[in-house]
Amino acid sequence: MRDHLPNSTAATPATNACHRQTCAVLIVGGGPAGIAAAVTASAAGLATVLIDEGLAPGGQIWRGSTVTSPGTAGYWLRALTASSVTVLSRGRVVAHPEPGTVMCETPDGPLVITYRRAVLCPGARELFLPFPGWTLPGVSGAGGLQALMKGGLPVADKRVVIAGTGPLLLAVARSLGQAGARIELLADQAPAAQVRRFALSLWRHPGKALQALTLAPQALRLQHDTWVLRAEGGQHLEQVVITRRGRQETIACDYLACGFGLIPNTELPALFGCRIDQGRVVVDDLLRSSRQDVLCAGEVLGIGGVDAALIEGRLAGHVAAEQITQAGALLRARAGIRAFAELIERGFALRPELKQLAAPDVLLCRCEDVTAGAVAACHSWREARLLTRCGMGTCQGRICGAAARFLHGWNSTTARPPLQPTSLDHLRLPQPDQSVLQETHP
């Protein structure tokens with residue numbers, strides 16, 4: 001009989017002492033992929049730990065959802081609650097000192113987790129591209145403004161411009177509109193003909209076509225071949241200047257939500273030693289990375305949405321449990337979902353004109369106040385970091401590094417511990433504490 005972990009970790013003193021925990025499968029990331037992987041591995045009888053930075057499982061896409069929520073989110077959150085998975089919310093991995101071991105930061109202090117297999121589901125983040133005025137208060141990512149609204153930011157009667165590319169813009173427009181925001185412009189940089197080809201291909205994916213119908217009212221308002229040239233204002237955003245099919249136009253607004261698509265969070269897999277190529281983790285058909293004991297699932301393999309995340313989470317959970325037959329049964333469904341993701345990637349590819357927005361005096365690295373011109377004088381991401389300190393601030397290049405990859409084609413993924421700023425207490429590797437091990441792994 002395989003060992004199980006309890007639903008909650010053993011109580012630990014409110015001190016800075018470092019504690020240990022042991023599990024068969026460690027899941028990092030509590031979005032749809034992580035939840036599906038954890039539930040699947042736990043159902044196979046494996047002691048499973050899920051660690052996530054959020055206040056509660058759900059990730060960005062299911063932020064605010066609970067076990068009483070309708071639909072897919074509620075179903076999986078109920079399944080997680082009913083399972084034997086140990087959930088560590090408000091926790092994050094900061095270092096991977098040796099195979100099978102991670103060092104974590106938790107509300108109860110430092111924690112070292114040892115595992116046999118890990119499933120990494122770090123998700124994705126928005127791609128920010130620099131343009132004049134992009135650091136003004138009132139300018140945010142499209143998903144970022146949506147998250148702020150869910151967190152209590154009042155948007156009723158606020159004038160909002162939503163610009164960038166991809167279906168996320170439509171979803172953001174719908175949610176902001178339902179909250180009472182006045183959408184002044186909904187703009188997509190993708191050429192109209194390119195988007196029409198994407199729309200005509202939806203007949204091959206009937207489920208996605210039905211989902212698209214729910215966003216049809218927003219799609220009818222969408223302006224193609226349109227993007228932001230600059231944001232203007234004093235202490236706060238006042239207006240944006242856009243180009244629409246070659247003509248400039250100024251639009252007064254309170255918020256500008258820019259979404260140039262999503263990019264995988266590859267920093268964690270890189271820390272584990274997984275091979276990264278073209279901005280995503282390289283895995284085999286069964287989601288096994290270049291590291292034998294590490295699997296990856298969800299957006300870190302390429303942006304695929306909730307459906308891909310759930311399929312891949314289940315697949316990874318089965319593989320972690322060595323249930324290869326059950327995993328194989330999911331391969332065809334995954335292939336279809338990933339084919340759709342490739343359609344989106346081609347249909348909403350970023351146009352080269354967006355690179356021209358980063359004028360030499362525009363900030364590229366907001367943490368260290370490094371301009372795009374200073375970075376353009378360098379020949380690599382490493383050189384830019386050494387000579388200008390670009391990417392060496394609090395975000396550790398997560399924003400400016402991705403922009404530099406788009407502007408210059410540089411590989412900006414770094415894998416140096418700590419993964420995020422942390423205290424020295426969280427980087428000390430303690431000797432095994434037998435009493436704690438007995439509590440957490442009977």
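A nonpolar core is a set of buried Ala, Val, Leu, Ile, Met, Phe, Trp, Tyr and Cys residues joined through side-chain atoms within 4.5 Å. Buried means under 20% relative accessible area, exposed over 50%, and partly exposed in between, with a 1.4 Å probe and protein chains only. The structure is a predicted model, in which local features need pLDDT of at least 70 and side-chain atom pairs count only at pLDDT 80 or more, while totals for chains, interfaces and linings use all residues. Residues are numbered from 1 along each chain as its sequence is written, and side-chain values use heavy atoms, with hydrogens and water left out.

The chain has 442 residues, and 52% of them are buried. It contains 15 helices and 22 strands; helices (H or I, at least four residues) and strands (E, at least two) are DSSP runs, numbered from the N terminus. The accessible surface of the chain comes to about 20,000 Å², and 54% of this surface belongs to carbon and sulfur atoms; the areas come from the Shrake-Rupley method with a 1.4 Å probe, and for residues only the protein chains shown count as cover. Contact means heavy atoms within 4.5 Å. Of the contacts in the chain with a separation of 6 or more, 67% are between residues 24 or more positions apart.

In soluble globular proteins, nonpolar side chains tend to be buried together. The largest nonpolar core of the chain has 61 residues, and the residues with the most contacts inside this core are Leu26, Ile113, Val119, Leu120 and Phe272. Helix α9 gives the most to this core, with 8 residues. Another core lies apart from it and has 44 residues, including Ala231, Ile242, Ile251 and Phe406. When residues up to four places away in sequence are not counted, isoleucine 113 touches Gln21, Cys23, Leu26, Val49, Leu88, Gly100, Thr101, Val102 and Cys104.

Helix α1 spans residues 32-43 and has 12 residues. From its first C-alpha to its last, α1 reaches 16 Å, close to the 16 Å expected at 1.5 Å a residue; the expected span is 1.5 Å times one less than the number of residues. Because 11 of its 12 residues are buried, α1 is largely enclosed by the rest of the structure. Its buried residues pack against β2 (25-28), β3 (48-51), α2 (71-82), β8 (117-120) and α9 (305-320). Just after α1, glycine 45 takes a positive phi of about 95°.

Serine 69 is in the loop between β3 and α2 and is buried, with a relative accessible area of 15%. A polar atom of its side chain lies 2.8 Å from the backbone nitrogen of threonine 66. Beyond its neighbours within four places in sequence, serine 69 is in contact with Gly74 and Arg78.

Threonine 243 lies in strand β14 (residues 237-244) and counts as buried, at 8% relative accessibility. Threonine 243 and valine 228 are 15 residues apart in sequence and 6.4 Å apart in space, C-alpha to C-alpha.

The structure holds 0 disulfides, a disulfide being a pair of cysteine sulfur atoms within 2.5 Å. For cysteine 121, the nearest cysteine sulfur is that of cysteine 296, 7.8 Å away. Cysteine 121 is buried, with a relative accessible area of 7%. The sulfur of cysteine 400 is 3.8 Å from the closest cysteine sulfur, in cysteine 390, and this is too far for a bond. Cysteine 400 is buried, with a relative accessible area of 2%.

Methods: Polar contact = N/O pair within 3.5 Å; in protein donor to acceptor, adjacent residues only side chain to side chain.
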